[in-house]
Amino acid sequence: MNAHSKIGLTVVPRENCGAEVLGIDLNNLSDSELVGVKKAYADYGVIFFRDQKITEDQHIAFAKKFGEIDINKFFPHIDGHREIAKVGKEKDQKTNIGGGWHTDHSYDRVPAMGSILVARILPPSGGDTLFANMVAAYDTLDDETRAAIANLNAVHSNSHVFGSKAYYNNEERKEFAKDEAVGEAVHPVAITHPLSGKKALYVNPGFVLRFEGQTIAQSQPLLHKLFAHAMNARFHTRFQWREGSIAFWDNRATWHYALNDYHGHERLMHRITIAGVALH
Ligand code: OGA
Ligand code: MN
């Protein structure tokens, strides 16, 4: 068998959210394996790979199989490759990146499809990432809530996170405090997922401020109800990183949360973000 006909891929669903995709080498994917990876991504919203040996160039080559690379305006990038963002925490830093429920780039008019995160330096223990299933969260809303959000849009912003007056403008994370990169966008609260065709809840605690046409105060009760619902552990999976682990999530189908429980140790991940489509 040559590399174009073999298929070694096995998809093992995780409880509640996502799937592990096993039996493949991301540097030598056959056409049929790539089809299988794309299907697993659409079906599960986040897929995980183990025991991969992937260089920076191979990371870029893999990402390009899924779409155009969306170069992040805030993150420091690795030397020589603007496509690869460094998602890191140094030994002596306290704040981490992504340490709360969120989904990336929802403040963009055309939000990124997803990210491919490669573990480069891991702490001896801790530093897991949680993922939450927004298709399941939508499916389990009661009828009244579903009706309430059917025609609602939400305002997403990053000004409280990345602006000069925001969360990351502290001594440790000055590189993220860039006013020129602050953005706001309006998206439906419930979307039809562009890949799976399934309905998904598309509001997240990291970046959603309010519903369109409502004040922050008016939006609070329903917004908090949606967040509290999706924060239930029955929609979550906890991914424990090892050397060679890679997570590839879809921002329109999941939330994620980087746990910050490894103070005193370094953690470094390489992230490539892939462009998405408008969600209206
Ligand atoms: C990210 C992010 C999670 C992690 O890269 O967008 O939130 O576990 N990272 O590092
Ligand atoms: Mn993130």
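Tutor: A residue counts as buried when its relative accessible area is under 20%, as exposed when that area is over 50%, and as partly exposed in between, with a 1.4 Å probe and protein chains only. This is a predicted model, in which local features need pLDDT of at least 70 and side-chain atom pairs pLDDT 80 or more, while totals for chains, interfaces and linings use all residues. Residues are numbered from 1 along each chain as written, chains are lettered from A and ligands numbered from 1 in written order, and side-chain values use heavy atoms, without hydrogens and water.

Student: What percentage of the residues in the protein is buried?

Tutor: The protein has six helices and 16 strands, which are DSSP runs (helices H or I, at least four residues; strands E, at least two) numbered from the N terminus. Of its 280 residues, the buried share is 52%.

Student: Which strands do the buried residues of H1 pack against?

Tutor: Helix H1 covers residues 31-44, and its buried residues include Leu-34, Val-37 and Tyr-41. With contact meaning heavy atoms within 4.5 Å, these buried residues of H1 pack against strands S1, S2, S3, S6 and S14.

Student: How many residues apart in sequence are the parts that His-102 and His-256 tie together?

Tutor: Donors are N, O and S atoms within 2.8 Å of the metal (3.2 Å for Na, K and Ca), and sites may look incomplete because water is not among the atoms. The manganese ion (ligand 2) has His-102 (NE2), Asp-104 (OD) and His-256 (NE2) as its protein donors, at 2.1 to 2.2 Å. Because His-102 lies in the loop between strands S5 and S6 and His-256 in strand S15, the pair ties together parts whose separation in sequence, in residues, is 154.

Notes:
The expected span of a helix is 1.5 Å times one less than its number of residues.
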